[in-house]
Amino acid sequence: MSALLEVDAVSKSFPMGGLLSREQIEAVVDIDVTLLQDRPEIFTIVGESGSGKTTLARLILGLETPTRGEIRHLGQPVGAGRFGAQRHAFMSAVQPVFQNPFEAFNPLKRVDRYLASTARAFRSLTRRAEIEAAMDAALVDVGLSLEEIRGRYPHELSGGQLQRAAIARALVCEARILIADEPVSMVDASLRMAIVNLLRRLRDDKGVTVIYITHDLATAYYISDRIMIMQKGRVVETGPARRVLNAPQHPYSRLLKASVLSAADAGQGNLAPAQDLFEASQEALEVARDSRMIDLGEGHSVRRAG
Amino acid sequence: MRSYAFFALKRLIQLAVVVFAGTSAAFLVAHFSPISPVETIIGRVSGQSSFSPAAIESLRATLTELFGFDEPLWQQYLNFWSRFIRGDLGPSLIAFPTPAMELVMRALPWTVGLLTVAIVLAWLLGNILGGLAGYYQNSRLLKGFGVIAIGIQPIPYYITAFLMVVLFGYIWPVMPISGGFAMEIRPAWTLDFILTVLWHALLPAASLVLAGIGTWFLGMRALVSNIVTEDYVTYAELAGVRRGTIVGGYVIRNALVPQLTALAMALGGIFSGTIITEQVFSYPGLGTLLIRAVNGGDSGLVLAVSCVAVIAVAAAIFVIDLLHPLLDPRVKVG
Amino acid sequence: MTGPILTVEGLKAYYQICQFGQHLEVRAVDDISLQIERGEVYGIAGESSSGKTSLIKVLAAATRPPLRVVGGSARYDFGGKGIDPTTASEAEIRAIRWRHLSYIMQGSMSVLNPVRRIERTFRDFAQRPLGLSGAAYRDRIEEHLDHLRLPKSVLRAYPHELSGGMRQRVTIGLATVCRPDFMIADEPTTALDVVVQKDVLSLLRTVQQDMGASIIFVTHDMSVHANMADRIGIIYAGRLVEEGPTRTLFTRSRHPYTAHLVASLPVIGDTRPRPALEGRPPSLANPPRGCRFHPRCPLAIERCAREVPPLEAVGQRHRSACWRAEDVRPLLIPGETGQTAMVQA
Amino acid sequence: AIGQEEGAAPPITEFPRDQTLILQNPEPPATNPPNFNIWVAGNGAGWSTGLHQLVMDTLWFIDPDEGLDGPLYNQLAAETWQYNDDFTEMTVDLREGIYWSDGEEFTAEDVVFTVETQMETPGMTWSAAFSDVVETVEAVDDYTVRFTLQEPNSRFHALFSVRWNGAWIMPEHVFSEVEDVMAFQFNPPVGLGPYTLHSFDPNGYWYAWEKREDWDRTALAEWGEPGPQYVIYRSIPTPDNRLIEMANGNLDVIHDLTPEATFSIIEDRETARGWFPGFPYAHPDPTLPMVIFNTQRAPFDDRRVRWALALMLDARAISMASYRGAATLSAIAMPPTGTHPDDYHAPMQDWLIDYELDLGNGETIQPYDPSIGSQIAEMVRPQFGEDVPTEEAAIQRAFGFGWWRQDLEAAATLLEAAGFTEGRGGWMTPEGEPFEFEVNTFTDGVINRMGTMIAQQWTQAGIEVTPVADPQIFASTLPLGDYDVATAWSIETWGGDPDLSYFLDSWHSDFVVEPGERQPARNWQRWSSPALDGIIEEVRTTEFTDPRNLELGRDFVRLMVDEMPVIPMMAYNVFSVYDTEYWEGFPTAEERPYANIVNNWANSKYIFTQLRPAGQTEGD
Amino acid sequence: MLTTIRDLFRYNIEFRIGSILVTVIVLYSGLSFFSPYAPEQIYVVIPDQPPSLTYWFGTNSRGQDLFWNLSFAFRNTLVFGLIVAVLSRVISIVVGMTAGYMGGMTDRVLMFFNDIFVALPIFPILILFYFVLRNDLDTYTLALIMACLGWAFDARLIRSVALGLRHREFTRQATFAGMGPVRIMVEEHLPYVMPIIFSTAMANMIWSIGFEVTLGVLGFTNLNIPTIGTTLYWANSHSAMLVGTWWWIMIPVILIILTFLGLFLLAVSINEHIDPRSRLRRMGGAE
Ligand SMILES: Nc1ncnc2c1ncn2[C@@H]1O[C@H](COP(=O)(O)OP(=O)(O)OP(=O)(O)O)[C@@H](O)[C@H]1O
Ligand SMILES: Nc1ncnc2c1ncn2[C@@H]1O[C@H](COP(=O)(O)OP(=O)(O)OP(=O)(O)O)[C@@H](O)[C@H]1O
Ligand SMILES: [Mg+2]
Ligand SMILES: [Mg+2]
Ligand code: NI
């Protein structure tokens, strides 16, 4: 089993203030992830705001260069050269899906041009008919069709349609990996399921690997194979999604789970914060520097002090 | 704080380089001028009395040597810089050997005084009215003002100024139309003098304000009509925050940063306005000096005036860059 | 001090657009009636673009063209002083704002003036309605911040210097500092992470209970509704389609749309597939005839396409607008794993 | 009377309007306002700020008009110049009892110092003029100066004879104390004139002068007491503002206005008037606007071409276009001003009428038309009515004695004789190319209008001519010979004297340079002729006051008509306007043409002695 | 395109007035091609005639029929203003958008040059060009020079908008859709910059025409070419306002105002039209 994508001890820090300033923000610290080629999966990253999820996604997409460590796609380092052929090949295989479907399309431009452009650039298609066929195929995969999309402006489509069109665009170039950074956080409850179900279907039917970044643990549980929980740039727990979420080990993971509002006790107004878990996770954060990942078996590992 | 100092230092270096480049351009401009100060002076001296051709020839030789025109251009350029570093811009050639800087400094207060006041006034009025017009979009009065502003804006400044002169100097002669102060009053820091200066500055300043206000008005109105749709404005309105506070502290305050940048440019680019003002109102200042220098081929003086202009604009950019992080808390230093 | 604090009757608010010679009406709020009791938290749920914000705007007296109230009424009752936000004068509205009626707007980043320190914003918003000044005012603000578990230092901060959760808390602080009788909140927790979200919600709830205020709040996150609201109203395409106590709505919904919303909510520990609603949300400019949900409704019968179902009581304080209210069964009963009840066609 | 010393308490003085004369200084505001050192070339000091009119003085003045008793004034000199026989020595007797404004007596030492200092200091205004000519200068006694010259020079006195300006005498007692004469600001100025500096605008827009208490110890006192207690010179760059200021009573004399503005203010304002009481109002300067050919460039080196171009012109249209008819035309190379009409124009009228022009094909014509003036008078009469003179003599003074008749046929004949051909598209040069050239003219004012009209007439006659408004016309275009044809002038005369040395000496072929080199002032046409050299050389050996000069002048005129190296057009009429609301006694064309009203000339100082507050003259 | 214009014309009063004004002015300047008099000819009609049926705009003191003379002046000035505006727009768009989009070193280098251009003393430079080129300084050359001097400030404005766009999600989406930087700038960002371009183009035209007038009034311009500047120059040198030939000055001024009023209205309505959202808002429909 060869690796599709390897994130190898990657760290990223941003300088704060001017050039002379020594202050740094450690947005991502020492992250290892390996996605395998012949096992398409939905790999979920969750964590609090500012824990480095987006930064990690950007690192993988080659939009930032790691401070330390390396990211490889099919063995090739990512992010070498901004417009080179290698980058081109990479982009045709690894594609992002953005958070806000309304923002992801230029409101002043027609939606279909992004699909056409992708087809032309990464599939080396030139004939109109070919391009349209590729577009249509991708749109059908997400439950749309070219007829519905053609000539429309973003505001003429619903959020769900747009988000699907965005995914279809990523599929036009037959991407193997989709990196979806909070793809449903801006979408209402009824659409949310449509998108999430679509991601699942893509994995199952088309063998697409999805890196799914979210705050919503419930959808994470619902679709993902593996999960990675981050706190302040560090991974605190990782493993098979269900196993981890059913019995989280790290205090922060537990806090997360405890904070998920559930409809189960609808009407009871169960909003009491889990103060003890909060404090425990703060403590864990303080000692994070001197901690390491402990393997709990079945790919489940958790950060422990020592 | 340290990072701010470092940021300021970087800007300062940039300022220096901009000044260097701008001044060098000014030097070339001044020196490629086909007008020779030597000939200007000879024309003046010999044109009005009976000078023999031979006498003119020897005067020409003397002046050429005196002005250092016998040296090659690069040498003159080096000389210029070695003087510039010592803060000396060299002598004026049509007022030889008076230092060009002395002439500039004599004229500068008038130009800076009048134009600063007028531009700042136009800026304030235009922005306040534009802010109000952007906010109270249904006010008839302000709408009317908008139409007037659109109408005034394209009128060449010369016409505005000139009509002022005709109106208040000729048809209804209530205002002085020339000079910076009344002849009876000697320049000194007395109340009388200050009053006469203000009185004489009124008409030119009004013409500059009139010419500038439309642009600021329209710019501000456009900015504000974007800002009023921002959530924080709506929210403040829904919270019943006082109208005045909303207009001032929310709407205009947020539109201020781009308008301030533009103000700095306007202040830096003082010269295009000053020439016509001085021409029309016989007002003292740098514009007349520049025209005289250009017409006389006085490269020293052209250079001095241009340097002041370059430094003014570059300094304006510098100050705005420095102020930007302070004005807009969102701007990160670095 | 009895009787509902807010009574809405047959409220209609349309976006009326007339340009390029074409007239167009977006019926964002279409004949909505509801009542809110004192001390009650009333949640409004519904799809995107279903008119939630529009309704809220009308209630907050924030209707601006092109949105216009075209019918019906709303009435607040603040200790005997009755006021209709759709007809009251600007001055009357101003008199009640923040003292009696406050608003938490959607989006926490953009509602705070980016160039004003929080301190100034508090002063702008609260000083006048509080009628305090000097030390008394400061004490009051600091006490309030304490209540919100915000450090005093936020007062000196600019909005962008605060985290999302902090900002949202500041917004809540702004809206509650004058202890209003009635609060309106539009998606107060969207885009916050779960930890912060819970924190903010519990805060809001605590403040509300302390003050005995009523809240009307909007979100499309059903799990938030489940834990926040005393009562929930479901809006679909500009109409209130179901309304009832939270528990009832989640367990014994009498409207297929509500039933779907509840059912689609994934739950940790439950891996059963969740269906997504098919079809497109209806256009409010040209809504479907009859029941507006009928094109997407699994229970739709021919009558649904013809007649608009009225909002009628189907239980205690429980109203539903569906011709087949009786036939609606929950698709999935949350928490009760394994128990499946399919909708009878 | 105080200058601008630092630290002096600023008294708030007023200028009572009935004691103050306000004149326009046509110079732009002084570049270096506090500098009064008029002897340094190009130090930025203003000249016609009142400085050289009211404060400076020198030996003689020659008025461009009639003068109070003749155009020649002995000013600091007690009598006229005395040369020895071979013109190598000039002796001057000075007036006694003349005092500097600081109380020192004026003596021969001052004159000697003036000459010696300037000879020693290159860069001073008259430095080159003196050092080229003067061998030694000595004070024979306190009131006698003797110049020994390097070569014979019959016109040396001209340096000290003011037409517009001249070598002013320096106060020895001030300048001998000064280390660097070049850098010395001379503030406040110490002068021999009847006024001293009162105050001035640090920006150079105005200078106020006050009458000396001891005005009677100055040379000007010979002609009476100056009327105004205060004289203010104001620089007002825009013509419109001049008019407005006069309309508002803030200006008594305008140096120059546009013709239109002149007509307007004279119509609107009771008390405003020009040199002539009616149309054409303007004062003719002893300057001769003309068409200048670059005679070093073909085909303008051909007399026939030059004459052909002259015959293509319609002087009436040019007069109308440039001066709205208010031009004083002159067909001869002599400005029709001052004493020249009596010396040249009137006496030579018959010669001109009889003048025959050989067209080169055996035909001759008589091109002169003495009736052009009356024709123009008729043209403007509908607009100006009674203001337009009717008697022939008055018409001749106002509109000129006549001009060449437009004669396109004769012009064509001449051009053909010169090898030109007329094609469909117009005239072709002998080389077969279209005959086209540019006319460099002024950027505005009447000369520009004249140049534009001339270019237009030539264009209409089939030559492609473009007018070029040229701001550098005197500074570089004319000196460098960088033009084909220009409208400007290369003839300026004393005005009050038939002598031509003022400009003519520089026309000698010795000074004509190769094309591309810089031609010294004033032979801009770069024309040389043995006949002309002959005239010039004879002038050099003829004493200034010798009647022979007039003969030589007329020879010059005839030669110029024959050769036509320039086409004389008209006098440079200056629309000076003066207002008699506060002051009376200004010179006028009809009654007392005693001085040039153009007030930037130093000669205008004599006017002050004639001015009296308005209303008082009748009262006395 | 045509239907858009028709719709705009039919339903948008600003567009209607604006396009009528601009068309009238353009047609008027086009009339200069049919003028019976060459623009440099003087004394071809009776001078100083007020506007009348024979002389619609009156005649000036130079004996020119202002109706025809001003048609030349307007043609030249409008062409001049347009050339300056278009060329300087091109430069400022390229510089501003490149700096804003590329960021980093490119941004710094470009902004550095930008600052130099902002700081250059324009007036002396223009006068120098005038003295050096003199009669070769025709409208086009002057326009070229002005364009080179007049872009810098606007480039800064455009850059600030582009900087904001750089971090918008759709920019990244476009990158991953395989669009190159140029395409992104042109297709994605340009529409956002358009309102600025319009408004700065107007301001730039006003600026350049104002400069042309300044140079003209001071005489630092080729006086043979009829422009608004030279028209005012000649009016000025004939004291037009004071001697009562007010039409010589007022008519061109009124025409300028009408021109810019027209342009302003057009810009406003087109700006609104460019944004399909506001178009929709006008036409109606859900967001
Ligand atoms: N370009 C940058 N320069 C400086 N700091 C940055 C930059 N990008 C991210 N950061 C910082 O790095 C940290 C991680 O940010 P990141 O956006 O990756 O978090 P996240 O997990 O995606 O948060 P959220 O859930 O809010 O999207 C934050 O503290 C952020 O401020
Ligand atoms: N200014 C407007 N002009 C025209 N139509 C509008 C305007 N604002 C909103 N609408 C329309 O009114 C309808 C209701 O919008 P509203 O914002 O109330 O929905 P919402 O339920 O709050 O949606 P969300 O969950 O996305 O906030 C939508 O169809 C929307 O397109
Ligand atoms: Mg993120
Ligand atoms: Mg909403
Ligand atoms: Ni003169």
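Student: How many residue pairs are in polar contact between domain 1 of chain C and domain 2 of chain C?

Tutor: In this predicted model, the count between domain 1 of chain C and domain 2 of chain C is six residue pairs in polar contact, with both residues at pLDDT 80 or more. On the side of domain 1 of chain C that touches domain 2 of chain C, strand 2 (residues 22-36) of chain C gives the most, with ten residues. By class, that side of domain 1 of chain C has seven nonpolar, one polar and five charged residues.

Student: Why is the meeting of the side chains of Arg239(C) and Asp30(C) called a salt bridge?

Tutor: The rule asks for a side-chain nitrogen of Lys or Arg within 4 Å of a carboxyl oxygen of Asp or Glu; for Arg239(C) and Asp30(C) the N to O value is 4.0 Å, and therefore the pair is counted as a salt bridge. Across the interface of domain 1 of chain C and domain 2 of chain C, the rule finds three salt bridges.

Student: What area do domain 1 of chain C and domain 2 of chain C bury between them?

Tutor: The two domains of chain C bury about 900 Å² between them, with 46% of it on carbon and sulfur atoms. In domain 1 of chain C, Arg27(C), Asp30(C) and Tyr42(C) lose the most area to domain 2 of chain C, together 40% of what that side buries.

Student: How many residues of each domain are in contact?

Tutor: With contact taken as heavy atoms within 4.5 Å, 13 residues of domain 1 of chain C are in contact with ten residues of domain 2 of chain C.

Methods:
Residues are numbered from 1 along each chain as its sequence is written. Chains are lettered from A and ligands numbered from 1 in the order in which they are written. This is a predicted model: local features need pLDDT of at least 70, side-chain atom pairs count only at pLDDT 80 or more; totals for chains, interfaces and linings use all residues. Side-chain values use heavy atoms; hydrogens and water are left out. Buried area is the accessible area (1.4 Å probe) that two parts lose on being put together, summed over both. A polar contact is a pair of N or O atoms within 3.5 Å; within protein, one must be able to donate a hydrogen and the other to accept it, and residues adjacent in sequence count only if both atoms are side-chain atoms. Helices (H or I, at least four residues) and strands (E, at least two) are DSSP runs, numbered from the N terminus. Ala, Val, Leu, Ile, Met, Phe, Trp, Tyr, Cys and Pro count as nonpolar, Asp, Glu, Lys and Arg as charged, and the others, Gly among them, as polar.
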